[in-house]
Amino acid sequence: MELVISSRELRLEVAHNVRHLGGYRTAAGTQTTDIAIRSASLHRLTDRGLEQLREREVLTIVDFRSDAERERDRTPDASRYGIRVVHAPVFQHDMSPAGFDGEFPGFAVMYAMFLEVGAAAYRTLFETFAEADGRVLFHCAAGKDRTGIAAALLLDLARVDEATIIEDYMVTEQLLAPLKEQWLPQMRERGFDEERAAALLAAPPEDMAATLRHLRERYGSAEGYARAIGVSSDTVSAVRARLTA
């Protein structure tokens, strides 16, 4: 598996939208480490893909998907490779873009909802990062929305600037391109026209910018959010220490 700071993308057999959060500059003049890896669903992973994770010392996976998603798209047994899977659903009732009835209110509205309904999941993410050995991979279905919020929280906690956080979010649209041909027919079957279906797979920078403004206005920062949802100051410090070098 490639692990290159310049590109960040990791090639797994087979998973999409996989990349680490390393090499970003922080306000303290340090760089983020590659300890945190974001991804789309891992249900397509082959044995070789699981071996690749273990080779790169990914010892923990945090799965943000619902029970229904996990049942439908089952991740292969990672315990055979010494990898622990932590289930931390952001929601159980479908709150993804495709799950909205009627007009989609926009990603910024949805992401603000995720911060509230997914508080327990994001608390689990912080606590897992603080105590886990090795690298930690976190994912949802596409690796864009629930995972995008998680990545933004971690990068903000590491004191990476907002422009960089937004740029990291936007990379998802490029890396999901190979999946669009598979997903669009399925979404059309669910009643979405092609224009709306394509829009739901987008990663608009203005929506992440609005989400970060909401985070600032309501909680002050990712650290303020973490404390508000019950994460201890020691855990916050431990996560920040693991994310920066």
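## Cavities and salt bridges

Sorted by class, the residues lining the largest cavity are six nonpolar, one polar and one charged. Here Ala, Val, Leu, Ile, Met, Phe, Trp, Tyr, Cys and Pro count as nonpolar, Asp, Glu, Lys and Arg as charged, and the others, Gly among them, as polar. This is a predicted model, where local features need pLDDT of at least 70 and side-chain atom pairs pLDDT 80 or more, while totals for chains, interfaces and linings use all residues. Residues are numbered from 1 along each chain as its sequence is written, and side-chain values use heavy atoms, with hydrogens and water left out.

A search of the whole structure turns up two cavities of 30 Å³ or more. A cavity is a set of points, on a 1 Å grid over the protein atoms alone, where a 1.4 Å probe fits but cannot get out; lining residues have an atom within 4 Å of a point. Volume is the space filled by probe spheres set on the points, which are joined across faces, edges and corners.

The largest cavity holds about 60 Å³, and its lining includes D156 and T211. Helices α5 (146-157) and α9 (205-219) each give at least two lining residues, with α5 supplying the largest share, four. (Helices are DSSP runs of H or I, at least four residues; strands are runs of E, at least two; both are numbered from the N terminus.)

The second largest cavity comes to about 30 Å³. Its lining has six nonpolar, two polar and no charged residues, with T32 and T33 among them.

Now for the charged pairs. Counting a side-chain nitrogen of Lys or Arg within 4 Å of a carboxyl oxygen of Asp or Glu as a salt bridge, the total is 18. Here are some of them:

| Pair | N to O distance |
|---|---|
| R38 and D168 | 2.7 Å |
| E71 and R74 | 2.3 Å |
| R84 and E131 | 3.0 Å |

R84 sits in strand β4 (residues 84-87) and E131 in helix α4 (residues 119-131), 47 residues apart, so this pair links distant parts of the chain. R84 is partly exposed at 36% relative accessible area, and E131 is also partly exposed, at 46%.

R38 and D168 are both buried (buried is under 20% relative accessible area, exposed over 50%, partly exposed in between, with a 1.4 Å probe and protein chains only). Shared partners bring R19, R38 and D168 into one salt-bridge network.

Definitions and conventions
On a 1 Å grid over the protein atoms alone, a cavity is a set of points where a 1.4 Å probe fits but cannot get out, and a pocket is an open set with protein on both sides within 12 Å along at least five of seven lines; lining residues have an atom within 4 Å of a point.
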